[in-house]
Amino acid sequence: MEQRLINKQIVLGVTGGIAAYKSADLARRLREAGAVVRVVMTENAKQFITPLTMQAVSGNPVHDDLFDLTAEAAMGHIELGRWADVILIAPASANCMARLLQGEANDLLTTLCLVANAPIALAPAMNQSMWKNTSTQDNVQALLAKGIHIFGPAEGSQACGDVGLGRMMEPVELVQQVAALFQTGCLSGKKVVITAGPTHEAIDPVRFITNASSGKMGHAIAAAAVEAGAQVILVCGPVNIATPAHAVKIHVTTSQEMFDAVMSHMSECDIFVSVAAVGDYRCKTIATQKIAKTAATMTLELERNPDIAASVAALAKRPFIVGFAAETENVVANAKKKLLSKKLDMIIANEVRTGMGGDENAVTVLWGDQQVDFPKMTKQKLARKLIEVIKGANNAT
Ligand code: PMT
């Protein structure tokens, strides 16, 4: 269950209440489960626990001010709202719940909740009389009707000496509840090999032939596959991007090295996703010394590199193979040709100017007689959708 939280981006909202002391443990547990946590504190929350504590346990700067110029320059409230895969407010005070219901935007936390497109979950914590009060109960019903998740509260003795419903749910249970919001885990037990980035084909000791692939799409697919529970091997050309948590990265430089690394991991591979922009050609001979600038023109003799995806497809025991096609014209028609000629199971077509180098992509997925279009979105979001499609198509084979 907790595998579902790997790489998930969680805004942890902390409001004013004695249960705020448990928020530090909650942040720590969410991180242990693989999530990236950014804490947003209200002014009242800071009466109960310090931003320094929350910063230390979350590993990220704490956000607490809607009008903080330095925060806005780094990750402003709009970006933070869009960044979140889920907003969990724990503890959620009666006041916070009432303000959320009214759609107020008079502090950072309530403003974020208006901006965010992500699910919102509240872990109420308050005195049992406040919880039982009909105003609070009416608010709870109205928040549930809006699709906001309410976790708890739990029953028991309270800091004020009362006994009853109103304690914040324990952090260990809250982690489970948040994990259950994510419908992934669909690749549990599967081994997935992914290639990413460009390759370098040497001309001489200082020059090489390459392309503009940044490796972002391949890394996003790797992260989404990990989130979905897969064991992930990422064979990556020369780019400098952090390895997604829990993925194993193999660094390669040339197409031949990428070929060798992929082939050595094909046993027990269930799904191969060939995202890399592999160099189709390499120099027939690589100069051992730097080529001097003498002649007015220069000709390089190139020879074909092995086609990795087609070679995997030729294996007697082959995985489900997903290729990408980077095209500048006739995008879908050209991708279809590659799907057939390389004997792939699926191909994901993208237009080079849209998909190469940047943080977003738009694609058309083709397999069998099926076609699905995904509009422009971040490579992270797209990768999650592609993993769902790949899983569905793989199941059907
Ligand atoms: O890295 P980014 O900046 O995020 O950009 C992402 C991307 C645009 C590179 C990616 O989405 C993409 O389209 N990757 C495939 C690029 C490509 O080389 O396409 P192709 O049409 O040349 O190759 C078709 C398929 O064969 C690809 O799956 C490719 O990995 C594979 N191939 C190609 C040549 C070769 N020698 N071996 C291969 O396996």
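Which residues are exposed on the other side of α13? I started there and worked outwards. The model is predicted.

**Entry 1: helix α13**

I looked up α13, residues 331–341. Its buried residues are N334, A335 and L339. Looking down the axis of α13, I found those buried residues within an arc of 145°, so they line one face of the helix. On the other side, K337, L340 and S341 are exposed. That settles my opening question.

An α-helix has 3.6 residues a turn, so residues three or four places apart point the same way.

Next I asked what the buried residues of α13 pack against. I found three strands: β16 (320–327), β17 (346–351) and β18 (360–367). I also checked what comes after the helix. α13 is followed by K343, which has a positive phi, near 60°.

**Entry 2: the ligand**

How many residues surround the ligand? I got 27. The closest are S213, S214, S274, K338 and N350.

For F324, a polar backbone atom is 2.9 Å from an oxygen atom of the ligand. For K216, the distance from a polar backbone atom to a ligand oxygen is 3.4 Å. A326 places a backbone N or O atom 3.4 Å from an oxygen atom of the ligand. On its own the ligand has 770 Å² of accessible area, and the protein covers 95% of that.

**Entry 3: T199**

I moved to T199, in the loop between β8 (191–196) and β9 (201–202). Is T199 buried or exposed? T199 is buried, at a relative accessible area of 1%. The cut-off for buried is under 20%, so T199 qualifies.

I checked the polar partners of its side chain. The side chains of T199 and S255 are joined by a polar contact of 3.3 Å. A polar atom of the T199 side chain also lies 2.8 Å from the backbone nitrogen of G279.

I listed the contacts of T199, leaving aside neighbours within four places in sequence. Among them are I209, T210, N211, P238 and M258. The list also includes T253, T254 and S255, as well as A277, V278 and G279.

**Entry 4: C269**

C269 was my next stop. I found C269 in the loop between α11 (255–263) and β13 (271–274). C269 counts as buried, at 5% relative accessibility. Which residues does C269 contact, leaving aside neighbours within four places in sequence? They are K191, V193 and P319.

I also took the separation of C269 from E32. The two are 237 residues apart in sequence. In space, C-alpha to C-alpha, they are 28 Å apart.

**Entry 5: strand β4 and its sheet**

I turned to β4, residues 120–124. Five of its five residues are buried, so the strand is largely enclosed by the rest of the structure. Both faces are covered. I120, L122 and P124 are buried on one side, and A121 and A123 are buried on the other.

I then looked for the strands joined to β4. Strand β3 (residues 86–92) runs parallel to β4, and four bridges join them. In that pair A92 stands opposite P124. Strand β5 (residues 149–150) is also parallel to β4, joined by two bridges. There L122 stands opposite I150.

What is the order of the strands in this open sheet? I read β2-β1-β3-β4-β5, five strands with parallel pairing. β2 (36–41) and β5 stand at the edges with a single partner strand each, so one side of each has no neighbour in the sheet.

**Entry 6: the whole chain**

The protein chain has 15 helices and 19 strands. Its C-alpha trace spans about 85 × 50 × 35 Å along the principal axes. Of its 397 residues, 50% count as buried. I took contacts between residues at least 6 apart in sequence, and 67% of these join residues at least 24 apart. The chain exposes about 18,500 Å², with carbon and sulfur atoms supplying 52% of it.

Conventions: Residues numbered from 1 in each chain as written. Predicted model: local features only at pLDDT ≥ 70, side-chain atom pairs only at ≥ 80, totals over all residues. Heavy atoms only, no water. Buried < 20%, exposed > 50% of the residue type's maximum accessible area, 1.4 Å probe, protein only. Arc of directions from axis to C-beta. Contact = heavy atoms within 4.5 Å. Near = heavy atom within 4 Å. Polar contact = N/O pair within 3.5 Å; in protein donor to acceptor, adjacent residues only side chain to side chain. Areas by Shrake-Rupley, 256 points an atom, 1.4 Å probe, with all protein chains shown as cover. Pairing = 2+ DSSP bridges.
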